[in-house]
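Let's take a walk through this one together, one residue at a time. Have the sequence and the 3D view open as you read.

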Amino acid sequence: MLNILVGGFYGDEGKGKVASYLGLTDSPSYAVRTGSINAGHTVTLGGKSWKIRIIPSAFVNNKTKLALAPGALTTMEQLFYEIQTTNSEGRLIIDPHVGIITKKEIDDERNDENLMKTVGSTGQGVGYAEARRILRLLKLAKDYKELERYLGSVPDLIISELEKGNLVWVEGTQGTFLSLYHGEYPYVTSRNCTSSGVLSEIGVGPKYVNEILIVFKAYVTRVGNGYLEGELSEEEAARSGLLEVATVTGRKRRAAPFNVKLAKEAIRINSATQVAITKIDSLFKEAYKVREYEKLPLQARKWIEEIEAELKTPITLIGTGEDSMDMVDLRKERVGEA
Ligand code: IMP
Ligand code: MG
């Protein structure tokens, strides 16, 4: 059974938190990360916090094996740093085709005015590495001796798991409207971050897909440039408790209210079958750390039900706090899953 998690807005929807919750509750045999180190996922569990950029957030379940998809890219430094901090030595498989970003791509990107000033790139060298991969110049994981002990064909492994009937969760990165093809070009990232893009990065066809869970935050944020409908001023965002700081770059995130029109479009582009809403406690303070639907404040439940009626897709997970386990899980009631 292949389940996919994707971002519904402009990234930073809380995919890391949701993916870590799913790792703990569903105990998938594998969790697969796609994308690259421009994406920062934050995981908080039992008072401990990790900011990760390449290891799947489901690492918090030490029984889950971890894989990096052929379409993923990383620097060697970030990879080894995270292997250590997430304790994933011995259970991490890196596809030989994972792209390796070097100082050259990072320097080239940081000297690129169009990317750094106009687009507002995170400056991690990902776009340059993708470009060099397309030009058949980039070195891959298989070219690095120090990675030999981690290498294995991820598509082969994942398909074998699926044939055995085991559960695999795929952790997409960024958000639908940062997609190279589906976002507001050129204010986009260097890959297609929708469900179909994620599948092609792994090398698994759509026939195995069971659920596509799209993650929306209870409000919209965007870092970097491009249009943001209903954008609040920094003061307004701060006053409403919606001002965030980016994980990778430390920039302030621009904020706007929840956008139903964008959410509907994202559900269509991703063929999403379920919706997760995170950070509901930023809109309704009494929702903080609540784990049962009936215990959510009435206003929060009304808000959820109104949005669900508009989106015509079941809202199955509701994030109520920073801890991985601060979650209302309605999957059993809504779609009959555990
Ligand atoms: P790049 O992918 O680093 O070149 O950045 C291109 C655009 O995508 C910029 O607006 C970035 O702020 C945005 N972006 C890239 N990755 C993320 C992410 O993980 N979260 C939010 N925004 C991102
Ligand atoms: Mg992020």
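**From a loop to the ligand**

Start with a side-chain pair: Thr-249 and Arg-251 are joined by a polar contact of 3.1 Å. Keep in mind that this is a predicted model. Thr-249 sits in the loop between α8 (234-239) and β12 (254-257), and Arg-251 is found in the loop between α8 and β12 too. Thr-249 counts as partly exposed because its relative accessibility is 30%, and Arg-251, at 26%, also counts as partly exposed.

Leave aside the neighbours within four places in sequence, and Arg-251 is in contact with Gly-120, Ser-121, Thr-122, Val-223, Gly-224, Glu-244, Val-245 and Ala-246. In the UniProt record, an unreviewed entry, a "binding site" annotation covers Thr-247, Val-248, Thr-249, Gly-250, Arg-251, Lys-252 and Arg-253.

Ligand 1 has 16 residues around it, and Asp-12, Asn-38, Ser-121, Thr-122 and Thr-189 come nearest. Look at the side-chain N or O atoms here: one in Thr-189 is 2.6 Å from an oxygen atom of ligand 1, one in Ser-121 is 2.8 Å from a ligand oxygen, and one in Asn-38 is 3.0 Å from a ligand oxygen. On its own, ligand 1 has 460 Å² of accessible area, and the protein covers 97% of that. As for the make-up of the shell, six of its residues are nonpolar, eight are polar and two are charged.

Asp-12 is in the loop between β1 (2-7) and α1 (15-26), while Gly-40 belongs to the loop between β2 (30-33) and β3 (41-45).

Is each of these two buried or partly exposed? Asp-12 has 22% relative accessibility, so it counts as partly exposed. Gly-40 is buried, because its relative accessible area is 14%, under the 20% cut-off.

Their contacts tie things back to where we started. Not counting residues up to four places away in sequence, Gly-40 touches Asp-12, Ile-52, Arg-53, Thr-247 and Val-248. With neighbours within four places left aside, Asp-12 is in contact with Gly-40, Lys-217, Thr-221, Val-223 and Arg-253. Thr-247, Val-248 and Arg-253 are among the residues in the "binding site" annotation that also covers Thr-249 and Arg-251.

Note on methods: Residues numbered from 1 in each chain as written. Chains lettered and ligands numbered in written order. Predicted model: local features only at pLDDT ≥ 70, side-chain atom pairs only at ≥ 80, totals over all residues. Heavy atoms only, no water. Near = heavy atom within 4 Å. Polar contact = N/O pair within 3.5 Å; in protein donor to acceptor, adjacent residues only side chain to side chain. Areas by Shrake-Rupley, 256 points an atom, 1.4 Å probe, with all protein chains shown as cover. Nonpolar A, V, L, I, M, F, W, Y, C, P; charged D, E, K, R; others polar. UniProt positions renumbered as here; feature names shortened; annotations may be inferred. Helix = DSSP H or I, 4+ residues; strand = E, 2+ residues; numbered from the N terminus. Buried < 20%, exposed > 50% of the residue type's maximum accessible area, 1.4 Å probe, protein only. Contact = heavy atoms within 4.5 Å.
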